[in-house]
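Here are my notes on this one, point by point. Have a look at the model first, then read on.

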Amino acid sequence: MDNLCGGVADLNLPPCPSSMSKTNKLSYKTKIILYVVVALVISSTLAVSLFMFRRRQRVSRKEDSSKPSFEHQILRVSYANLLKATNGFSEANLVGVGNYASVYKGILDQDQIVVAVKVLNLQLMGALKSFMLECKALQTIRHRNLLKVLSVCSSIDFHGNEFKAIVYEFMANGTLDGWLHQNGVGEHEYLKAIQMLDVSIDVASALEYLHCGCESTIIHGDLKPRNVLLDDTMVAHVGDFGLAKIISAASTNVSQHQSNSSAIRGTIGYIAPEYGVGDMASTSGDVYSFGILLLEMFTGKRPTDSLFQDHLNLHNFVKNALPERVMDIVDPSIQLEHNNGSWINDCMVSILTIGVACSSESPRDRMEMGTVVSKLCKIKKKYLGE
């Protein structure tokens, strides 16, 4: 009888224990567990989402940094900006004149950036094509030894005429041509041998990149000292892609990286001899131009020097002097850092031998630029005694 319950007052029975309390207690514990599980799931999901978001950001930044700078312009310039920057394209700011364009030094007001403004002379036949070729080449390349483009302006001037210009980084030390051929003006100090070697390696590295390091092979087409510019630390940058040719990587049937267009024009003395008989543009044509440039750098003689007549040219002039008479043809204005005559003689022989090989008449006898870079770097180490 002691265990009877029912809650009937007349019978003095106590209320029976409710089974709902246990159920409620169980339900409460279950809810707590469920809340904790849900909270953990949500936290984990958020953490994974945040991780993926940050990872995508890092990948995106990496991809952006690997893309050509030409595709992500930070400078927006108008005709009015460039007119003001160059003081109305004044003669005082004119730093160079090419086949299709004039180059002015300018300072952009908005950022106080010193720039070089290449203004196309659209009155000349071929100037617009040159502009388009240069833009096409520049949007696919990025290398420390190539002239960096900052912006492009395609607009109308204040007279209603079409205006096209390319804005480059300004090169404080001008062109290599200005350093090699001072004509007694004394504008610069003469280059040291090690500086000449560094410039040679810079230019060779730029060509190697154009020929082998891009998605499509790029033929510069007009390599010469005037198109090699030096920055404030004397690092060389190859510029002027107005005659460049781009060969698709898919064109596997084109031998020796030849362009499927007609032979490109270039500059007399630097243009490969096969172009004169109608051969197509090729990377070996750039190698020839580099070979002539290298010989010019270390002899101080232009390929168009009056000395070269009949069958004598810069290539044969150097070849005939190697190896015994090499110091007779080396430019005496080059500053040599070593007193060891034998050491210097060997280095000059090695350098000029590369120039002769690159400027061989037959394209098949010329070096590839990768080999040139490697050999020049070894000569530099030897010269420095490393």
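1. Is Glu162 buried, partly exposed or exposed? Glu162 comes out as partly exposed, at 47% relative accessibility. For the cut-offs, buried is under 20% relative accessible area, exposed is over 50%, and partly exposed is in between (1.4 Å probe, protein chains only). The partner of Glu162 is Lys164: their side chains meet in a salt bridge, 3.3 Å from N to O. Lys164 is buried, with a relative accessible area of 9%.

2. Some housekeeping before the rest. This is a predicted model, where local features need pLDDT of at least 70 and side-chain atom pairs count only at pLDDT 80 or more, while totals for chains, interfaces and linings use all residues. Residues are numbered from 1 along each chain as its sequence is written, and side-chain values use heavy atoms, with hydrogens and water left out.

3. Back to the charges: the structure holds seven salt bridges, each being a side-chain nitrogen of Lys or Arg within 4 Å of a carboxyl oxygen of Asp or Glu. One of them pairs Asp240 with Lys118, with the closest N and O atoms 3.3 Å apart. Asp240 sits in the loop between strand 8 (236-238) and strand 9 (245-247) and Lys118 in strand 3 (residues 113-120), so this pair ties together parts 122 residues apart in sequence. (Helices, H or I with at least four residues, and strands, E with at least two, are DSSP runs numbered from the N terminus.) Asp240 is partly exposed at 27%, whereas Lys118 is buried at 9%.

4. Arg302 and Asp177 form another salt bridge, 2.8 Å from N to O. This pair also links distant parts of the chain, 125 residues apart: Arg302 is in the loop between helix 6 (283-299) and helix 7 (314-321), and Asp177 is in helix 4 (residues 176-180). Arg302 is partly exposed, with a relative accessible area of 29%, while Asp177 is buried at 12%.

5. Now the inside. The largest nonpolar core has 85 residues, and those with the most contacts inside it include Ile141, Phe290, Leu352 and Leu376. A core here is a set of buried Ala, Val, Leu, Ile, Met, Phe, Trp, Tyr and Cys residues joined through side-chain atoms within 4.5 Å. Helix 5 (residues 193-213) gives the most to this core, with twelve residues. Apart from it lies another core, of 16 residues, with Ala85, Tyr104, Leu108 and Val115 among them.

6. Leaving out residues up to four places away in sequence, Leu352 touches Leu295, Phe298 and Val318, among others; contact means heavy atoms within 4.5 Å.

7. Last, helix 7. Which of its residues are buried? They are Leu314, His315, Phe317, Val318 and Ala321. What covers them includes helix 6, helix 8 and helix 9.
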